[in-house]
Amino acid sequence: MQRCIAVLLTAGLLLLLLSVEAATKIDNAIDTFELCHIHNNNRSDVDLKDLVKAFGLPRLSHPVTLEEVVQSLKAAWPNAQLAKLYAPPSDILGIAASVTNATGSHIHKTHGSNGSALTPFPRLIHITVPSINHLRPFQAVTIASWLLLNPGYTLLIYGDAQVRGTVERHFPWHLKTLDELPTPVERTDLWRYLALCAFGGVYADSDVICARPVDSWVDTTHGDAGLLVGIENAFTTPEEAAERTYARQIQLEQWLIAGRPGHPATCRMGDYVQQHVQLERRGFFNISGWDTNRAVLERTGPGIWTTSVSTYLEQQGVELGAGVLSGVRAGDLRLLPQLSFGCPSMAFDLAALDRTLKAIVQGGGAAVFAQSSSSSSSITAGAGSAPRVPYVYHQFMGTWKQDEDGWGAKQWILLVVVVLTSSSAIIFAVFVITSRTRLGRAVLSRLRKCHLPL
């Protein structure tokens, strides 16, 4: 009974929040890509080949295996201590649970530029890829970055079986919702929230490159919040956001989330997605006017995630508006400015990466990285200031998007069917024509002697 009441209340709250679009004009909103361009001091754009070289990987002109990535890193950085790495067929879920349980109160002592600090989440990094034996170059760079920059952490690579297993083992009541989600990316969306709810740690998309050790993200002054979330982008008006295909005027990213297990903003996402799917089925949302990508944003992606975080902020007396663009600490959540998690990889600061990698290889971890930084501000910037070096860079590979105007799987299947049907018709026409001529009848007669079915 209590569960039913909670579900009804969640449904009502979700309807209310999704029906209200921020109408406030935000005069201090600046596009994230413009901010990153300014931060980059007009340096030339960085491409994937530059990043492959920077991390010491061989030229990647074709997919590689996870083992090849690890061996390349060991050869390029023989003195580096890599993060612990586990991938299928290892017991990923068992390892995640053991690291989380071993953390105890989920508090780690770390040492940043200001002395001791508290990191209130387990040293876990969660990434999922379709196959560890067929890593695309951008995925290889991503994995290399998290391994190199985070000694002392455990990097877990999930496959489809482990994604489903997380829900089966820890959230069986959401398994039906998982199966009802129409696309793989939506199922991955739901999983990332539930994995962070169960285990805590850092979730990263397979195209998100780590640029600074996770320990250096920490607010060393007061001890950090239990959830770190970044602003993806902000717009002056809701209309401008919609024109740019964003779901919210201030939209929060979810390609990188760091948090403790049990945080309400991540843990309620299972109910939020479940209710959205149910309400959608009953016609509460006019999804006929949405394209496939907008539906994903609202059903499981940044749209509904922004709703969850915004609800938490409101419970702490903070509105997701103009006043939070420079970052804010509210209760057990720290909202980070756009430069923290939002910059594209073409704006990558390779000089800063070189300093960071050298510091890490020297064995000093986040402390040496902080001391080696040329930043004039604290390397562990608090809620109210942008970082000198972004925490991560996003490659924006767009693997989740469905191209409404382009060719998807269904279109290619239809093309094959049309071609085969047309080919059969042509062959039949040729057969009919040739069978009506003397030469054609002679050819067909010889072919029949070869026992061909003509």
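I looked up W217 to begin with, and it is buried, with a relative accessible area of 0%, where buried means under 20% relative accessible area, exposed over 50% and partly exposed in between, for a 1.4 Å probe and protein chains only. I noted that this is a predicted model, in which local features need pLDDT of at least 70 and side-chain atom pairs count only at pLDDT 80 or more, while totals for chains, interfaces and linings use all residues. Residues are numbered from 1 along each chain as its sequence is written, and side-chain values use heavy atoms, with hydrogens and water left out.

Next I looked for what W217 touches: leaving aside neighbours within four places in sequence, its contacts (heavy atoms within 4.5 Å) include W146, L256, F341 and Y391.

I then turned to the ring pairs, which need centres within 6.5 Å, taking the six-membered ring for Trp beside the rings of Phe and Tyr; planes under 30 degrees apart count as stacked, over 60 as edge-to-face and the rest as tilted. By this rule I have 12 aromatic pairs. The rings of W217 and Y391 are stacked, because their centres lie 5.4 Å apart and their planes stand at 20 degrees. These two residues are 174 residues apart in the chain, and Y391 also counts as buried, at 1% relative accessibility. Ring pairs join W146, W217, F341 and Y391 into a cluster.

Definitions and conventions:
Helices (H or I, at least four residues) and strands (E, at least two) are DSSP runs, numbered from the N terminus.
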